[in-house]
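Trainee: I'd like a close look at a single part of this one, please. Could you pick a spot, walk me through it slowly, and then show me how it sits beside the rest of the chain?

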Amino acid sequence: MCSIIMNALKFWFLTFILHCAIQVEANANCSTNDVHALILARGGSKGITDKNLVQIDGFSLLSRAIKTIRNSSCFKHIWVSTDDAKIALEAKKYGAIVHIRPAEYAMDGTSSIEAIKEFLEGHKAIDNFAIFQCTSVFLKEKYIEEAFQKFKAHDCVFSVKRSHNLRWKFVEEQILPDNFNLRARPRRQDWKGDMVEAGMFYFSTRKLAMKGLLQNENCDVVEIAAGDGLEIDSYQDLAIARCIINSNL
């Protein structure tokens with residue numbers, strides 16, 4: 001009972017904060033052809049406390065993502081879906097539109113596609129969207145711009161990176177090579193490698209999302225540099241990202 005009351009108070013407080021601020025209602029002035037940027041940023045992260053708000057070089061992961069997305073000049077509307085008051089205030093500070101996510105769609109077990117569907121149910125005018133992961137700290141404008149252009153001719157566009165790892169798998173308790181020929185072991189310079197989802201962004205449509213999908217057979221990809229594929233999921237990842245960014249200042 002106490003947890004229910006606390007969640008209700010938390011939701012009320014977040015709603016109150018947002019209604020006290022001047023907020024643009026995007027649905028009133030957008031067309032169904034617009035592509036809306038969306039960042040899913042719930043509170044209550046486990047690996048790193050307040051992960052979306054941790055800072056690198058003086059800026060939170062959330063603010064860095066918002067600024068990079070805006071600098072691409074591809075989007076009229078940048079949304080942040082959150083259940084957290086601090087994240088909501090940070091989003092507003094950097095000019096994003098806040099979507100208040102109900103607590104039941106911000107649980108540890110909630111999938112991204114469930115949170116996306118909840119967002120789309122609340123904004124019927126949005127048909128096309130791009131999901132960005134603010135923990136992909138090396139998001140770049142050039143990647144966004146390439147994806148935006150490719151999305152004009154495809155149902156979905158997502159980020160990938162190259163992997164030259166030689167993979168093995170168990171088949172009926174026998175270990176066998178998965179992505180290479182054991183008798184013709186490839187050299188790195190002779191092999192393009194595998195394309196692996198980077199998770200940095202996904203451009204997709206309402207039609208796909210409401211079916212529980214982000215991709216179909218009419219997709220394209222944006223290949224990012226392998227080094228840009230770092231995701232901040234642990235304090236070690238955070239330390240590496242800070243080291244790289246600070247060394248480039």
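Mentor: Let's start just past the end of α2, where Ser73 takes a positive phi of about 60°. Keep in mind as we go that this is a predicted model. Ser73 is not a glycine, and yet its phi is positive. You'll find the residue in the loop that links α2 (61-71) to β4 (78-82). Ser73 is also exposed, since its relative accessible area is 65% and the cut-off for exposed is over 50%.

Now step back into the helix itself. Eight of the eleven residues of α2 are buried, so the rest of the structure largely encloses this helix. The buried ones are Leu61, Leu62, Ser63, Arg64, Ala65, Ile66, Thr68 and Ile69.

Glu173 isn't a glycine either, but has a positive phi of about 70°. Its place is the loop between β8 (168-171) and β9 (174-177). Glu173 counts as exposed because its relative accessible area is 78%, against a cut-off of over 50%.

While you're there, look at Trp168, which lies in strand β8. Trp168 is partly exposed, with a relative accessible area of 42%. Together with Phe170, Ile175 and Leu182, Trp168 makes a nonpolar surface patch of about 460 Å².

Thr205 is buried, because its relative accessible area of 14% falls under the 20% cut-off. What does Thr205 touch, leaving aside its neighbours within four places in sequence? Its contacts are Asp127, Asn128, Phe129, Phe151 and Asp155.

One last thing before you zoom in anywhere else: check the confidence. The chain averages a pLDDT of 90, and 86% of the residues score at least 70. Over residues 19-31, though, the pLDDT is below 50, even if this stretch has 22 contacts in the model beyond near neighbours in sequence. Where pLDDT is low, the predicted coordinates should not be read in detail.

Methods: Residues are numbered from 1 along each chain as its sequence is written. This is a predicted model: local features need pLDDT of at least 70, side-chain atom pairs count only at pLDDT 80 or more; totals for chains, interfaces and linings use all residues. Side-chain values use heavy atoms; hydrogens and water are left out. Helices (H or I, at least four residues) and strands (E, at least two) are DSSP runs, numbered from the N terminus. Buried means under 20% relative accessible area, exposed over 50%, partly exposed in between (1.4 Å probe, protein chains only). Contact means heavy atoms within 4.5 Å. pLDDT is the predictor's confidence in each residue, from 0 to 100. Patches are made of residues with over 30% relative accessible area and no salt bridge: like charges are joined within 9 Å, nonpolar side chains (Val, Leu, Ile, Met, Phe, Trp, Tyr) within 5 Å. Accessible areas come from the Shrake-Rupley method with a 1.4 Å probe; for residues, only the protein chains shown count as cover. A salt bridge is a side-chain nitrogen of Lys or Arg within 4 Å of a carboxyl oxygen of Asp or Glu.
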